[in-house]
Amino acid sequence: MRAYHLEDTATVKKLILQQHSIPEPGPTEVLVRMHAVSLNRRDTYILNGVYPLPSVPGVIPLSDGAGEVVATGEAVQKFAIGDHVAGSYFARWVDGPFSRELGRHQLGCTLPGMLTEYALLEEESLVHVPPHLSWEEAATLPCAGLTAWNALTGGGPITPGQTVLTIGTGGVALFALQFAKMLGAKVIAITSCPEKAARLIELGADDVINRHTIPNWPPAVRALTNGQGIDHIIETGGADTIEQSLQVTALNANVALVSVLGIQKKMITIDPIILAGNLVTMRRLFVGHRTGLEAMIRAMAVHLLHPVIDRVFPFEEAAQAYEYFATGCLMGKVVIKI
């Protein structure tokens, strides 16, 4: 089998393709023939050495992937040969509150990841994927999909008729748009790629604002809500947009802080006057647990929801996939087919 590894060079980490023997599963392990993996912003942080949790030297990268079970250990009960599965971002976070100990067990960082032809995973770190999804679509669920699901359902409950604000056209923002519409909400989308506004409308956005032509977009958002403001904000712009997002909150709004780092700004700054006039709950997200991932997958299966994929690269072009992902102005997920 072939697997990519992140090897340290003089300046940054580098993808190296290596040959290995196919491993044998232990009693509670599952061997998965990988078919597709997807990239997340976190993977570029690990590559560039700026992720808060140091990766294991030579780790197989990427947390998100989907494949077919080809062998199981003698104690495995949930999975059988032929099942279609995906990994859970935090391999040991099954349910309940997050802890630092759970955060130390991450696929593609401290544990071997998915950019490999065969992955050996613990049974508890796997989930079944919906049968209506392709391999490429199933590979996008564990990080971006679950983060968006957690952002909408893990804090204050979202109810039909409420308003949701999404920022950008990356994986989390588009999942949030799709899930919000599925849950009966109105969605206002902010984009810096005007050519993608039509696609946002196709996906269900009720209104789209181009922040290049309308850089001061909070008044426009307020106008679209008849002055009431936004009930749920999926904050993926981090330092670049958080202050503007807080200017459009409704009373008792929920802000899911998905990203902290910005592109233009490196530090979050918020005028205290903005906070003084708001009643808002802000919640920092670390993806989510396996139980939440399973709930999301059940909802997707019922509604036959399909993730949005921007581009698919072959396994041999994994480095080019990283480079393309880093360009930023994407419409959905970047996937590597294995």
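Predicted model: local features only at pLDDT ≥ 70, side-chain atom pairs only at ≥ 80, totals over all residues.
View 1. Serine 38 itself belongs to strand β3, which covers residues 29–38. Its relative accessibility is 1%, and buried means under 20%, so serine 38 counts as buried. Leaving aside residues up to four places away in sequence, serine 38 touches Asp43, Leu62, Asp64, Ala139, Thr140, Lys333, Val334 and Val335.

**View 2. An open sheet of six strands.** Follow the strands in the order β10-β9-β8-β11-β12-β13, and you will find parallel pairing. The edges are formed by β10 (207–210) and β13 (280–284); each has a single partner strand, so one side of each is left without a neighbour in the sheet. On average, neighbouring strands of this sheet are turned by 15° against each other, direction ignored.

**View 3. Strands β8 and β11, with helix α5 packed on the sheet.** Here β8 (residues 163–167) and β11 (residues 230–235) pair in the parallel sense over three bridges. Look for leucine 165, which stands opposite isoleucine 233 in β11. Helix α5 packs on the sheet, where it touches β8, β9 and β11. The direction of α5 makes about 165° with that of β8.

**View 4. Serine 192 in the loop between β9 and α6.** This loop connects β9 (186–191) to α6 (197–202), and serine 192 is found in it. Is serine 192 buried or partly exposed? With a relative accessible area of 27%, serine 192 is partly exposed. Serine 192 and asparagine 210 are 18 residues apart in sequence, yet their C-alpha atoms are 5.7 Å apart in space. Not counting residues up to four places away in sequence, serine 192 touches Asn210, Arg211 and His212.

**View 5. Helix α10 and the elements it packs against.** Helix α10 (residues 290–303) has 14 residues and reaches 20 Å from its first C-alpha to its last, close to the 20 Å expected at 1.5 Å a residue. Its buried residues are Arg290, Gly292, Leu293, Met296, Ile297, Ala299 and Met300. An α-helix has 3.6 residues a turn, so residues three or four places apart point the same way. The buried residues of α10 pack against β5 (84–87), β7 (126–128), α4 (141–153) and α5 (171–182). Just after α10, leucine 304 takes a positive phi of about 50°.

Notes
Residues numbered from 1 in each chain as written. Heavy atoms only, no water. Helix = DSSP H or I, 4+ residues; strand = E, 2+ residues; numbered from the N terminus. Buried < 20%, exposed > 50% of the residue type's maximum accessible area, 1.4 Å probe, protein only. Contact = heavy atoms within 4.5 Å. Expected span 1.5 Å × (residues − 1). Pairing = 2+ DSSP bridges. Axes fitted to C-alpha atoms, helices over the stretch in contact; angles between N-to-C directions.
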